[in-house]
Amino acid sequence: GSLAWYMSGRTEETSSSTAQTTDLWNAGVETIRSVSFDSGDHKVLVEPRKDGVGEYSVVTSESTNPPQPVDAGVSTAPKPEVKRYISVDAANKMLEGLARFKIARTLGKLDKARFSEFGLDKPTGTLKIDFVNGARTITVGASTPGGGNYYVRDEQSGVVQVAIGDPLSALQYADARLSERDLHGFKTDE
């Protein structure tokens, strides 16, 4: 009897995908000039474009590999590996997410002494969104417990929040998540 009451009296926990969210800003995708993410050893630049066929983005991904030791124990300078490709659907979805920048929770302005609790002392990276009316910079900290979202700090306001992770993950892992899977829209002849 009491176990049944206990179980029926519990409230369901909401996941990050169904929880109430707010928009940090609400801009149109067409107002985004470029998006960049810099994690120190990996930089991604997404530049939205439009032509007669439709919308697409040019993605430039630059990774710096650690120096490799060579003969006699001397290491060579790291050489950046630059990839450039076109993304359509995945980039459009990411840009739509960044145009509204969904926030699951606001933590407020925090003392720098607390930054380590949220991974903001050694950030995952820096997100910069260049809109037609100005740029916004977001410091991306650690992922939240459970993984799907990130602690972020809006550099303009200084407010720390929990951001919905999908667009940030797409940038952080751009080579895997922004590359197109359907490379052509026509059927091959047998």
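**Exercise 1. Find which element gives the most to the lining of the largest pocket, and describe that lining.**

Solution. Helix 2, with 6 residues, gives the most to the lining of the largest pocket; helices here are DSSP runs of H or I with at least four residues, strands are runs of E with at least two, and both are numbered from the N terminus. This is a predicted model, in which local features need pLDDT of at least 70 and side-chain atom pairs count only at pLDDT 80 or more, while totals for chains, interfaces and linings use all residues. Residues are numbered from 1 along each chain as its sequence is written, and side-chain values use heavy atoms, with hydrogens and water left out.

Next, take the pocket itself, which holds about 280 Å³ of space and is lined by 14 residues, with Lys-93, Met-94, Gly-97, Asp-166 and Pro-167 nearest its centre. The elements giving two or more residues to this lining are helix 2 (89-100) and helix 3 (166-172). A pocket is an open set of points on a 1 Å grid over the protein atoms alone, where a 1.4 Å probe fits, with protein on both sides within 12 Å along at least five of seven lines; lining residues have an atom within 4 Å of a point. The volume is the space filled by probe spheres set on the points, which are joined across faces, edges and corners.

**Exercise 2. Work out which residues of helix 2 are buried, and how they are arranged.**

Solution. Begin with the buried residues of helix 2, which are Ala-91, Asn-92, Met-94, Leu-95, Leu-98 and Ala-99; buried means under 20% relative accessible area and exposed over 50%, with partly exposed in between, for a 1.4 Å probe and protein chains only. Seen down the axis of helix 2, these buried residues fall within an arc of 165 degrees, so they line one face of the helix; the arc is that of the directions from the helix axis to the C-beta atoms. On the other side of helix 2, Asp-89 and Lys-93 are exposed.

Finally, the elements covering the buried residues of helix 2 include strand 3 (42-50), strand 5 (80-87) and helix 3.

**Exercise 3. Locate Gly-119 and identify what it touches.**

Solution. Gly-119 lies in the loop between strand 6 (102-109) and strand 7 (125-131), and with a relative accessible area of 12% Gly-119 is buried. Not counting residues up to four places away in sequence, Gly-119 touches Gly-141 and Ala-142, where contact means heavy atoms within 4.5 Å.
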